[in-house]
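Thanks for coming. Please have a look at it first.

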Amino acid sequence: MMNRHPRNQQDPDQNKRMMIAIVLSLLILFGYHYFFERPRIEAMQAREAAKQNAELQKSLDQTETQIVADEDVKTYTRDEVMARGGRVTIKNDKIEGSMPLTGTRIDDIRLLEHYETVERVNPVALFSPSGTEKPYYAEFGFIAENDSVNVPSETTNWQLASENSQLTQDQPIILRWDNGQGLTFERKIALDQYYLFTITDRVINGGENAVTLYPYQLLSRKGLPKDFVDFFILHQGPISFSDGELEELSYSDLEEEQTFKNKGGWIGFTDKYWFASIIQDETETYKARFTQSGPNDPQQARYQADVLAEPMTILPNSAEETSYRMFAGEKKLDILSSYSDQPGLRNLDLSIDFGIWAIITKPFYLALNFLSETFGHVAWGIIILTVLLRLALFPLNSKSFKSMAAMKKVSPKLKEIQEQHKGDTQTMQMKIMELYQKEKVNPLSGCWPMLLQIPIFFALYKVVMLDIDMRHAPFPGWIDDMSVMDPTSVFNLFGLLPYDVPGFLMIGAWPVLMGMTMAAQRRLNPPPSDPMQAKMMKFMPWFFMFILAKFAAGLVIYWTWSNFLGLLQQYTIMRREGVEVSLIKGYKKAPVDDKKDDDDK
């Protein structure tokens, strides 16, 4: 008889086949989704995201279109713009300015501790309103995902919602605007004791539908800064910091749009002495750009740094807020470093370009600032810093000068060997080496201090260029500003003769003094064995005088004072080593005979 399963008992093989079929079906569905459907969906999402991003960036670009067109028609003075009224005053101990209620751009910042000229009449205008000759401002706003949603623009008339109508260190202001579609925008702006603004935007949705907005911030400037110098020694232009990396660009780089996707950090423009940047929270991701528009002329082109943040969605009957900061002020290390304990602000000091010699430049910068504050003036700081550097190099310089003294002693014998073996170079070189060994002279030992001076020179040049305390700082005498070249010229007897001198002949009194000290040092040094080299060395001080005449007076003063101190040291050592000293042609000072002095005693 055949075995039959009970009617209510399932076949085990049937269950296995069912499980296998289900697993195979799931594998087929998963494989199809992973290898076919998923790439298609991701590609579609990428296209939509790219399209949306392009539309958002286009909307951001359009925020500038009308105002740029208006500026091209006519420009106004700052006073004419201020006379239109409708502005909120901005003031603390460092800055003074204003911002319009229409658009709420921060577009008028003057630095109270710095002036346009040495006469100290007009404070430096870092930001200037739209419509002036060189507009430079910060703008904050939103781009709506849905074009039908009204968002604030440069023409929006905001209302003061705070009791105070002046933005100060202790009093933030609150502005409000209703878009008429159920959205209320509140903007709170605060200012610290220096140059840091904090902007907090709050959006209240009283409507029935959720709204998605993209916050943006931008810095816009027209043309290059007045004190712009296109020189490799100092970076001026677009700058950003994010993810631990500093990005420095030139204005010419912006002929092509430069884009970044960053998290935290800042983006902006750095000038020789001033710095403006938009600063994001360390936890926020955003898209940042540098762009150029308008004419190709660098003085007429518009340069922009902007940030497009992640979207914020405001549900019905709820509110969302976002905040960001802006720095706009002087590049002073102690101020920038004072923010180092605050998230997002830790690397603002990188806007000061200490360069590849930062390991030397930064300590010099700090030392010069300390000495200037201690002794009351940057002029004394330069003089004392030079003395300290000379003292630090004293042992090395002494060894070098002793070697030079020994070389100067043997120079008559060296000349004699050169005359005797004029036609036999090999024998002459052999005899010279024998002379060096006999007299225990190393002709190269005198070069090391000179080589060490090269990085010191470049580091100090960097310090003089970037230290804001050097700007408009006078030096006793005729120097009104140590950050620029000596304004006098030997070719009109330093101003005694009543005519102007062409720029290339502007060789001031301090460069002449520097050339004289270099010429005196040359006379103390042993003459080169090669006649051609000797002629070159003879003209070298005057060549340097001509070149350094165009450099900042502070650097030339350092170099002259350093030469003078070195001259005294070398003069003393050579006399003690028994070498005839000749500082002036035709006059030789007899060496000090220490033994004779002892006998006389």
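**Rings, pockets and loops**

Phe 275 and Phe 327 are both buried, where buried means under 20% relative accessible area, exposed means over 50%, and partly exposed lies in between, with a 1.4 Å probe and protein chains only. Before I go on, the ground rules. This is a predicted model, so local features need pLDDT of at least 70 and side-chain atom pairs count only at pLDDT 80 or more, while totals for chains, interfaces and linings use all residues. Residues are numbered from 1 along each chain as its sequence is written, and side-chain values use heavy atoms, with hydrogens and water left out.

The whole structure has 24 aromatic pairs. Rings of Phe, Tyr and Trp (its six-membered ring) pair if their centres lie within 6.5 Å; planes under 30 degrees apart are stacked, over 60 edge-to-face, and the rest tilted. Phe 275 and Phe 327 have ring centres 5.8 Å apart and planes at 35 degrees, so this pair is tilted. The pair links distant parts of the chain, 52 residues apart: Phe 275 sits in strand β16 (residues 274-279) and Phe 327 in strand β20 (residues 318-330). Helices (H or I, at least four residues) and strands (E, at least two) are DSSP runs, numbered from the N terminus.

Leu 348 lies in the loop between α3 (333-337) and α4 (358-375), and it is buried, at a relative accessible area of 0%.

For contrast in geometry, take Phe 543 and Phe 544. Their pair is edge-to-face, at 6.1 Å centre to centre and 80 degrees between the planes. Phe 544 is partly exposed, with 32% relative accessibility.

There is also an aromatic cluster, made up of Phe 127, Tyr 136, Phe 228, Tyr 251, Phe 260, Phe 269, Phe 290 and Tyr 303. Tyr 136 of that cluster has Arg 221 over its face, at 4.2 Å from the ring centre. Arg 84 likewise lies over the face of Tyr 76, at 4.6 Å. The criterion is NZ of Lys or CZ of Arg within 6 Å of the ring centre and within 35 degrees of the ring normal.

On a 1 Å grid over the protein atoms alone, a cavity is a set of points where a 1.4 Å probe fits but cannot get out; a pocket is an open set with protein on both sides within 12 Å along at least five of seven lines; and lining residues have an atom within 4 Å of a point. Points are joined across faces, edges and corners, and volume is the space filled by probe spheres set on them.

The second largest pocket holds about 880 Å³. It has 35 lining residues, and those closest to its centre are Glu 116, Val 124, Ala 125, Ser 128 and Lys 226. β3 (108-115), β4 (123-127) and β11 (211-222) each give at least two residues to that lining, and β4 gives the largest share, five. By class, the lining has 14 nonpolar, seven polar and 14 charged residues. Here Ala, Val, Leu, Ile, Met, Phe, Trp, Tyr, Cys and Pro are nonpolar, Asp, Glu, Lys and Arg are charged, and the others, Gly among them, are polar.

Which loop holds Arg 120? Arg 120 is in the loop between β3 and β4. Its phi is near 55 degrees, a positive value in a residue other than glycine. Most residues other than glycine have a negative phi. Arg 120 is exposed, at 53% relative accessible area.

One more loop, the one between α8 (448-466) and α9 (509-524), holds His 472, whose phi is near 60 degrees. Met 482 is in the loop between α8 and α9 and is buried, at 0%. The C-alpha atoms of Met 482 and Ala 552 are 6.1 Å apart, across 70 residues of chain.

Overall, the protein has 12 helices and 22 strands, and 45% of its 601 residues count as buried.
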